[in-house]
Amino acid sequence: MNTIEAIQTRRNIKLFKADPIARETIVSWLEAASFAPNHRMTEPWEIRFVGPETRAKLNHKTDFGGAPVVVLITSKGAPTPIDREEHLMASACFAQNFLLAAHDAGAGAFWSSLAASPRSREILGVPEGDDVVGIFGVGYPAEIPQPKERTPIALKITDLA
Ligand SMILES: Cc1cc2nc3c(=O)[nH]c(=O)nc-3n(C[C@H](O)[C@H](O)[C@H](O)COP(=O)(O)O)c2cc1C
């Protein structure tokens, strides 16, 4: 799969097969993801594998589509708002790389915002000042949603003098 094809065909997966995925496989995607752009090599992302007990406490409405693995990606806090914002930008790049690596391997992920709520942050032990990028069900898709139409990019481009 070439890069453009990977970007265009990745989907947010809502339903997974029960087939397991080896932790080392997921770690290899995370390793690849860590080549994301990041300011001053801060590598501000952190990853937690969410075990069954914690997952049950989260009580996600579809239990992450039945994904065999759930992974939380957070972004470290920082002393200044600009640093914190840049951390979050780099961590979002990391997350996208991770999604593309999984997709390239025939797997997929369900990105949920659930972990950003105060209740979930507490359950997941996210320190105050750190940002939640997302919580991801990861597995092999049982269903691949149709792509959603995008706004033509020409409508988003402006030329500055
Ligand atoms: C910051 C962020 C939060 C998201 N939160 C959710 C969510 O809570 N539930 C969900 O179903 N999808 C969530 N998504 C996934 C988007 O809904 C999805 O990417 C979008 O509909 C486009 O679909 P596609 O990724 O399949 O192209 C989130 C995506 C991002 C970037």
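Numbering starts from 1 along each chain as its sequence is written. Because the model is predicted, local features need pLDDT of at least 70 and side-chain atom pairs count only at pLDDT 80 or more, while totals for chains, interfaces and linings use all residues.

The protein has five helices and four strands, in the order α-α-β-α-β-α-β-α-β; these are DSSP runs numbered from the N terminus, helices being H or I with at least four residues and strands E with at least two. Of the 161 residues, 30% count as buried, that is, with 20 or more other C-beta atoms within 10 Å of their own C-beta, placed from the backbone.

The largest nonpolar core holds 31 residues, and those with the most contacts inside it include Val70, Phe98 and Val138. Such a core is a set of buried Ala, Val, Leu, Ile, Met, Phe, Trp, Tyr and Cys residues joined through C-beta atoms within 7 Å.

As for α4 itself, its buried residues include His87, Phe94 and Phe98, and the cover over its buried residues includes α1 (3–9), α2 and β1 (45–49). Leaving aside residues up to four places away in sequence, Phe98 touches Trp29, Leu30 and Ala33. After α4 comes Gly106, with a positive phi near 85 degrees.

Methods. Buried ≥ 20, exposed ≤ 12 C-beta atoms within 10 Å, placed from the backbone. Contact = placed C-beta atoms within 7 Å.
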